[in-house]
Amino acid sequence: MAARPAESGIRAIFDRAAELEGSGRSIVHLEIGRPHRSSPEPAREAAEAALRRGDVHYTASRGTGELRSAIAGSLSKRGVDRDPDTELVVTAGGSEALLASLMATLQPGDEALVPTPAWPHYAGQLALAGARCVEIPCRAVDGFRPDPERLEAAITPRTRLVVVSSPSNPSGAVFGDDALAAIAELCERHDLIALSDEIYERFVYDGEHVSIGSLPGMRPRTIVANSFSKAYAMTGWRVGWVEAPAALATAINAVHQHLSVCAASFAQAGAAAALGQAERFVAELVDEYHERGRQLSAGLERIDALETVPLAGAFYAFPRVATGESGTALATRLLEQAGVAAVPGAVFGDGFENHIRISYAVEQSELAEGLERVREALA
Ligand code: PLP
């Protein structure tokens with residue numbers, strides 16, 4: 001029997017913050033990775049129209065032809081060529097894209113390398129797949145990018161897969177060409193699959209996102225998980241997708257059929273419209289969070305007790321608490337006393353107990369207020 005995943009530590013903070021808010025407290029929400037804007041208008045209109053015309057039934061489990069063509073078209077504009085019929089599977093969010101990929105590729109007892117700090121759902125989903133999550137802690141001095149030697153040292157005969165998450169939640173790290181090439185080389189030499197979580201690919205603030213799947217020799221052994229949640233501010237729609245070579249996509253689709261059958265029909269219609277008509281929305285959101293990241297970095301510079309690395313991507317900072325107070329103690333104190341919700345670093349892997357995660361996907365005024373409260377609490 002596979003181990004059951006623990007409850008999400010991010011949700012625990014979110015729920016407590018909501019409870020405090022319910023009792024009348026003012027809370028600044030810097031805990032949740034949810035863009036503050038509403039979803040693009042064309043997506044909302046297309047979903048409404050789909051409902052009105054009775055688009056309320058199961059779709060093909062791989063997703064509607066309309067959405068798969070739209071995804072393939074959008075990828076091809078960015079130089080990625082995918083056959084919409086055989087190499088794409090639309091899923092219920094990036095979460096299901098990842099879980100279906102892990103369940104389709106791993107046997108109970110297999111091992112997966114997960115550079116940490118990492119989104120805790122990888123460990124939870126590996127537990128569901130009956131596989132072992134082997135954490136590879138990355139160092140702040142390396143900008144939280146994985147050290148290939150440490151990755152290689154953890155490889156055993158049971159290692160099947162490495163999770164590549166760039167830009168990273170929670171560190172905001174973006175893996176450079178060197179790190180990606182080194183991971184690709186390990187994958188080839190040890191016959192590993194790269195599961196590339198590219199949900200934050202649009203949120204790269206210096207240069208362009210590079211997928212490990214685009215490196216020489218990597219396409220046949222790379223699965224990409226992506227989603228509409230972050231770039232299109234569509235977290236509640238639950239639409240994501242997998243890109244994989246045809247045989248892997250077929251195996252992933254089989255798991256997906258058992259997990260969710262298909263993504264919601266009208267949500268898929270909205271997602272297709274987002275891809276065609278909301279590129280400006282994405283560009284503006286990315287610019288806005290780039291600016292917000294600069295605001296946060298400037299604010300953190302004035303707080304000696306929190307040490308951060310430069311923010312390169314996604315919309316999180318992962319500062320170290322330099323006072324000796326644990327991240328859990330600080331996050332509790334910030335929430336209960338100062339009314340600021342942030343997530344303790346321990347949630348993101350062993351060895352990060354002295355960190356907290358701050359999300360900056362919020363209004364400028366909210367971030368300013370949150371920073372002021374944190375500064376006072378740590379003064
Ligand atoms: N991957 C990472 C790194 C995330 O942070 C998240 C959500 O926070 C997801 C995947 C899944 O997002 P969704 O299931 O909403 O598409």
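Trainee: What makes the contact between aspartate 55 and arginine 53 a salt bridge?

Mentor: Please note at the outset that the model is predicted. The closest N and O atoms of aspartate 55 and arginine 53 are 2.9 Å apart. A salt bridge requires a side-chain nitrogen of Lys or Arg within 4 Å of a carboxyl oxygen of Asp or Glu, so this pair qualifies.

Trainee: How many salt bridges does this rule give?

Mentor: The count comes to 25 salt bridges. Among them is the pair of aspartate 147 and arginine 139, with an N to O distance of 3.5 Å.

Trainee: Is arginine 221 buried or exposed, and how do you know?

Mentor: Arginine 221 has 17% relative accessibility; the limit for buried is under 20%, so arginine 221 is buried. The side chain of arginine 221 meets that of aspartate 191 in a salt bridge, at 3.1 Å from N to O. This pair links distant parts of the chain, 30 residues apart. Aspartate 191 is in the loop between helix H7 (177-190) and strand E6 (193-197), while arginine 221 is in the loop between E6 and strand E7 (222-227).

Trainee: Which residues of helix H5 are buried, and what do they pack against?

Mentor: In helix H5 (residues 121-128), the buried residues are Tyr122, Gly124, Gln125, Leu126 and Ala127. They pack against several elements, including helix H4 (93-105), strand E3 (111-116) and strand E4 (132-137).

Trainee: What does H5 supply to the lining of the largest pocket?

Mentor: H5 gives six residues, the largest share of that lining. The largest pocket holds about 1,000 Å³ of space. It is lined by 44 residues, and those closest to its centre are Ser8, Ile10, Trp119, Pro120 and His121.

Trainee: How many residues of each class line the second largest pocket?

Mentor: Its lining has nine nonpolar, eight polar and 11 charged residues. Asp, Glu, Lys and Arg count as charged, so Arg78, Glu201, Arg202 and Glu208, which are among the residues closest to the centre of the second largest pocket, belong to the charged class.

Key:
Residues are numbered from 1 along each chain as its sequence is written. This is a predicted model: local features need pLDDT of at least 70, side-chain atom pairs count only at pLDDT 80 or more; totals for chains, interfaces and linings use all residues. Side-chain values use heavy atoms; hydrogens and water are left out. Helices (H or I, at least four residues) and strands (E, at least two) are DSSP runs, numbered from the N terminus. Buried means under 20% relative accessible area, exposed over 50%, partly exposed in between (1.4 Å probe, protein chains only). Contact means heavy atoms within 4.5 Å. On a 1 Å grid over the protein atoms alone, a cavity is a set of points where a 1.4 Å probe fits but cannot get out, and a pocket is an open set with protein on both sides within 12 Å along at least five of seven lines; lining residues have an atom within 4 Å of a point. Grid points are joined across faces, edges and corners, and a volume is the space filled by probe spheres set on the points.
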